[in-house]
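Please keep the sequence and the model in view while reading.

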Amino acid sequence: MNIIGICGSLRQKSINHFALEAAAKAMPSGMQLEILSIKDVPLYNQDVQNAGFPDAVQTLAQAILKADGVLIASPEYNFSYSGVLKNAIDWWSRMDPAPFKHKPVAIMSATGGPLGGARSQYDLRKVLSGGLEALVLQRPEIFIGMAQNKFGADGALNDEATVKMLETQMQAFQSWILKLSPKA
Ligand SMILES: Cc1cc2nc3c(=O)[nH]c(=O)nc-3n(C[C@H](O)[C@H](O)[C@H](O)COP(=O)(O)O)c2cc1C
């Protein structure tokens, strides 16, 4: 079962990127994660689209189309998810075939504050479900608050409760994918 990981933060020491790496370790056997970056996705412009989708957009879309599922981790920016992620989603939403249509997706967020991105995830869930017709795992939800205390400078996840949460969500995600596409 091949899962694509997308991070809503572009910075090198992103805790959301660290969370994706921790999720990869928490995956049950038979499931593997490949994290792809959206850093080369240009700003959405319909004129550019009309001339042809940019390479970075197409490469990511192909990988998503082929994958059994997508795992997204995004920081909360001003009570919503990040603009760079929304920008990439806007590109993908214009493509045919639609890379996220009926694609199993799981989401998580990590922030420095106590709420762990709770205010942002319902925006992301709404856009993925309504705009892109993705099949987003409902539960368990993962909000990693005070994340700077849970990950070391090297990115290692040191918090046992968060490890357990990730393991539980990854098992639920595996079951969700199998339920939706039994051949995965
Ligand atoms: C533009 C901006 C807006 C932010 N807004 C919020 C916010 O609304 N809620 C929150 O909990 N943290 C907010 N933060 C703090 C982020 O949660 C924190 O910087 C986090 O580490 C970013 O994720 P990353 O480490 O994956 O880059 C904001 C940070 C930035 C740069």
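## Helix α3

Helix α3 (residues 55-66) has twelve residues, and 17 Å separates its first C-alpha from its last. That is close to the 16 Å expected at 1.5 Å a residue, where the expected span is 1.5 Å times one less than the number of residues. Helices (H or I, at least four residues) and strands (E, at least two) are DSSP runs, numbered from the N terminus.

The structure is a predicted model: local features need pLDDT of at least 70 and side-chain atom pairs count only at pLDDT 80 or more, while totals for chains, interfaces and linings use all residues. Residues are numbered from 1 along each chain as its sequence is written.

V57, L60 and I64 are buried in α3. They cover an arc of only 75° around the axis, which puts them on the same side of α3; the arc is that of the directions from the helix axis to the C-beta atoms. A residue is buried if 20 or more other C-beta atoms lie within 10 Å of its own, exposed if 12 or fewer, and partly exposed in between, with C-beta atoms placed from the backbone.

D55 and K66 are exposed and sit on the face of α3 turned away from its buried side. The cover over the buried residues of α3 includes β1 (2-7), β2 (32-36), β3 (69-73) and α4 (83-92). Two residues are in contact if their C-beta atoms, placed from the backbone, lie within 7 Å.

## Helix α4

In α4, the buried residues are L85, A88, I89, W91 and W92. They lie on the same side of α4, because their arc around the axis is only 155°. These buried residues pack against α3, β5 (80-81) and α5 (118-131).

## Helix α1

Nine of the twelve residues of α1 are buried, so this helix is largely enclosed by the rest of the structure. Among them are H17, F18 and L20. Elements covering the buried residues of α1 include β1, β2, β3, β6 (104-110), β8 (143-144) and α6 (160-180).

## The whole chain

The protein chain has six helices and eight strands, in the order β-α-β-α-α-β-β-β-α-β-α-β-β-α along the sequence. Its radius of gyration is 16 Å, close to the 16 Å that the globule rule gives for 184 residues, so the chain is as compact as a globular protein of that length. The radius is taken over C-alpha atoms, and the rule is 2.2 Å times the number of residues to the power 0.38.

Buried residues make up 43% of the 184 residues. Of the contacts with a separation of 6 or more, 78% join residues 24 or more positions apart.
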